[in-house]
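Open the model in your viewer and keep the selection panel at hand. The stops below go from one selection to the next.

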Amino acid sequence: MNEHSLKKTLSKFNIGGLRYFDSLGSTNDEALAWATENARDLSIVIADEQTQGRGRLNRKWFTPKGSALAFSLILRPAAHTAMSPHLSRTVGLAALSIAESCRKLGLAPRIKWPNDILLNGKKMAGILTETVWSGDRVDSVVVGMGINVHSASVPPEEFLQFPATSIENELGKEAPAREQILYNIIESFIHWRERMGTDELIKAWEESLSFRGEQVQVKAGSENPIIGELLGLESDGSLRLRDANDKSIIVRFGDVSLRPTA
Ligand code: ADP
């Protein structure tokens, strides 16, 4: 993967700009900085290696050289009318795009709400969305995606709270080139962004959720976990559960972590 191969791969799309790095602290940090310097809508920052890759709450995201996809998209909602009223759906848009790229390879991805993609119950990708505000208006949204492609991208076990895997591990054979996977993700992302306000997006996102119909627990910070059956999504992308008293509970985004109860 290099700047030339990426430019060629992405030439079919109307991207805003591309910044490629052999090694970078965090693609989200670079994208946030570029966003404040007026990056155009759908600009991409991509790195072959991240030395300070971030998950939520500054948890570390592991991106060793040559083995993963780590990139961040800069979105300017004001330049995209289908998107601006539906920003709470952005993480679903990203998750669905990664899931569809896996399906193209014959895999069966599941979205662990809100921001992880699983293959066979193990995490193969994570999403980190961050917002740049201008007063009370959203100036830009940065969507970072980290995708484990080759086996070497899977972190050592002691690093993890949740088991991890890669596309290659689950395919049981060599994975396609990272550029090819990136192409498929961006193609899906553009397709669904045009349909950001539709019920179709919520339906496709909901159908890809993991643990649907199962008992799960959702933990937010140090509060007691919420336990219930995972029913589906609200139209803003919040999660809907049913508790033991048949009461419906809506879980909004934030630093929540979802686990099966068993
Ligand atoms: P979660 O959604 O599980 O709360 P985050 O979105 O905050 O997690 O992502 C950071 C966590 O993901 C880290 O604490 C680590 O356990 C795990 N992790 C880091 N890098 C990878 C990777 N390449 N593949 C799978 N899991 C990872």
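Helices here are DSSP runs of H or I with at least four residues, numbered from the N terminus. The model is a predicted one.

**Stop 1: a buried arginine**

Select residues 178–193, which form helix α5, and pick out Arg-178 within that helix. Is Arg-178 buried or exposed? Buried means under 20% relative accessible area, and Arg-178 counts as buried because its relative accessibility is 8%. Asp-48 is one of the residues in contact with Arg-178 when neighbours within four places in sequence are left aside; the others are Met-1, Gly-66, Ser-67, Ala-68, Leu-69, Val-149 and His-150.

**Stop 2: the ligand**

Select the ligand next. How many residues surround the ligand? There are 16, and the closest are Arg-56, Arg-59, Phe-62, Asp-116 and Asn-148. Three of these can be checked with the distance tool:

- Arg-56: a backbone N or O atom is 3.0 Å from a ligand oxygen atom.
- Arg-59: a polar side-chain atom is 2.8 Å from a ligand oxygen atom.
- Phe-62: a backbone N or O atom is 2.9 Å from a ligand nitrogen atom.

Of the 570 Å² that the ligand exposes when taken alone, the protein buries 95%.

**Stop 3: the two domains**

Colour the chain by its domain assignment, with domain 1 at 3–207 and domain 2 at 215–260. Their centres, taken over C-alpha atoms, are 24 Å apart. To view where they meet, look for the 14 residues of domain 1 that are in contact with 16 residues of domain 2.

**Stop 4**

Centre the view on Met-145. Apart from residues up to four places away in sequence, Met-145 touches Leu-69, Ala-70, Phe-71, Leu-73, Ala-94, Ile-98, Gly-126, Ile-185 and Phe-189.

Notes: Residues numbered from 1 in each chain as written. Predicted model: local features only at pLDDT ≥ 70, side-chain atom pairs only at ≥ 80, totals over all residues. Heavy atoms only, no water. Contact = heavy atoms within 4.5 Å. Near = heavy atom within 4 Å. Polar contact = N/O pair within 3.5 Å; in protein donor to acceptor, adjacent residues only side chain to side chain. Areas by Shrake-Rupley, 256 points an atom, 1.4 Å probe, with all protein chains shown as cover. Domains from an automatic or database assignment. Helix = DSSP H or I, 4+ residues; strand = E, 2+ residues; numbered from the N terminus. Buried < 20%, exposed > 50% of the residue type's maximum accessible area, 1.4 Å probe, protein only.
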